[in-house]
Amino acid sequence: METGSLEYERAAGDDPAWTALPPGLLRMRRLLLVVWLGLLAVALGVLLGLLAGPAWAAFALLPLALLAWGWVLLGRNWRSWRYAERADDLLIGRGVLWREETVVPYGRMQLVEVTSGPVERHFGLATVQLHTAAAATDATIPGLDPAEAERLRDRLTELGEARSAGL
């Protein structure tokens, strides 16, 4: 689903329309994986080759095996993230082995932040973080396009103010 549509429906009748994360997040995470594990493999190969001999330099292939395994896991993790805007709350789903679905009622939101670090900005990504009264229910949606993150922030803030005013 890396190049497919960003929205998909559940099989059941009136379930919400889920929105998947854009592929830029997967590209960023995979590039970081390649850079860090590639550098580790080169450094380990050089050090082991110089200090212990060329036969020991083969152990530098271990980070490359981790890179292949991490490549697959990052793809599965990225495909597991999704969110849906409903009438009264926001749903955030994630997880491969342990599925986790967070429901954040609009009236309970106290703060909605959009953040973007230097690496995220380079890839044109932003993160939306929702803060509620209970610290355990804070939720995050990573890797959104900045325009979508701002739209979501504005919509959630508007809905949160409308719902909390009715309490």
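Some ground rules come before the tasks. The model is predicted, so local features need pLDDT of at least 70, side-chain atom pairs count only at pLDDT 80 or more, and totals for chains, interfaces and linings use all residues. Residues are numbered from 1 along each chain as its sequence is written, and side-chain values use heavy atoms, with hydrogens and water left out.

**Exercise 1. Work out how many helices and strands the chain has, and in what pattern they follow each other.**

Step 1: pick the elements. Helices (H or I, at least four residues) and strands (E, at least two) are DSSP runs, numbered from the N terminus.

Step 2: read along the sequence. The pattern comes out as β-β-α-α-β-β-β-β-α-β-β-α.

Step 3: look at contacts, meaning heavy atoms within 4.5 Å. Take those between residues at least 6 apart in sequence: 45% of them join residues at least 24 apart.

**Exercise 2. Find the largest nonpolar core and say which elements supply it.**

Step 1: Buried means under 20% relative accessible area, exposed over 50%, and partly exposed in between (1.4 Å probe, protein chains only). On that scale, buried residues make up 34% of the 167 residues in the chain.

Step 2: assign the elements. At least two core residues each come from α1 (23-51), β4 (89-94), β6 (109-115), β7 (126-132), β8 (139-144) and α4 (146-165). The largest share, four residues, belongs to α4.

Step 3: zoom in on Ile92. Skipping residues up to four places away in sequence, Ile92 touches a list that includes Trp18, Trp81, Arg82, Leu130 and Ile141.

As background, nonpolar side chains tend to be buried together in soluble globular proteins.

**Exercise 3. Decide whether serine 80 is buried or exposed, and list what it touches.**

Step 1: locate serine 80, which lies in helix α2 (residues 61-80).

Step 2: check its accessibility. Serine 80 counts as buried because its relative accessibility is 7%.

Step 3: list its contacts. Ignoring neighbours within four places in sequence, serine 80 meets Gly93, Arg94, Gly95, Val96 and Arg99.

**Exercise 4. Trace the salt bridge between arginine 82 and glutamate 101, then the one between arginine 151 and glutamate 85.**

Step 1: apply the cut-off. A salt bridge is a side-chain nitrogen of Lys or Arg within 4 Å of a carboxyl oxygen of Asp or Glu. The structure holds seven of them.

Step 2: take arginine 82 and glutamate 101, with N to O at 3.9 Å. Arginine 82 sits in strand β3 (residues 82-85) and glutamate 101 in strand β5 (residues 100-105), 19 residues apart. Arginine 82 is buried at 11% relative accessibility, while glutamate 101 is partly exposed at 40%.

Step 3: move to arginine 151 and glutamate 85, whose closest N and O atoms are 2.7 Å apart. This pair links helix α4 to strand β3 across 66 residues. Arginine 151 is partly exposed at 36%, and glutamate 85 is partly exposed at 26%.

Step 4: Then look for shared partners: Glu85, Glu148, Arg151 and Arg155 are joined into one network.

**Exercise 5. Classify the aromatic pair of tryptophan 56 and phenylalanine 59.**

Step 1: recall the rule. Rings of Phe, Tyr and Trp (its six-membered ring) pair if their centres lie within 6.5 Å; planes under 30 degrees apart count as stacked, over 60 as edge-to-face and the rest as tilted.

Step 2: apply it. The structure holds one aromatic pair. Tryptophan 56 and phenylalanine 59 are 5.4 Å apart centre to centre with 25° between the planes, so the pair is stacked.

Step 3: Tryptophan 56 is partly exposed at 47%, and phenylalanine 59 is partly exposed at 41%.

Notes. Core = buried A, V, L, I, M, F, W, Y, C linked by side-chain atoms within 4.5 Å.
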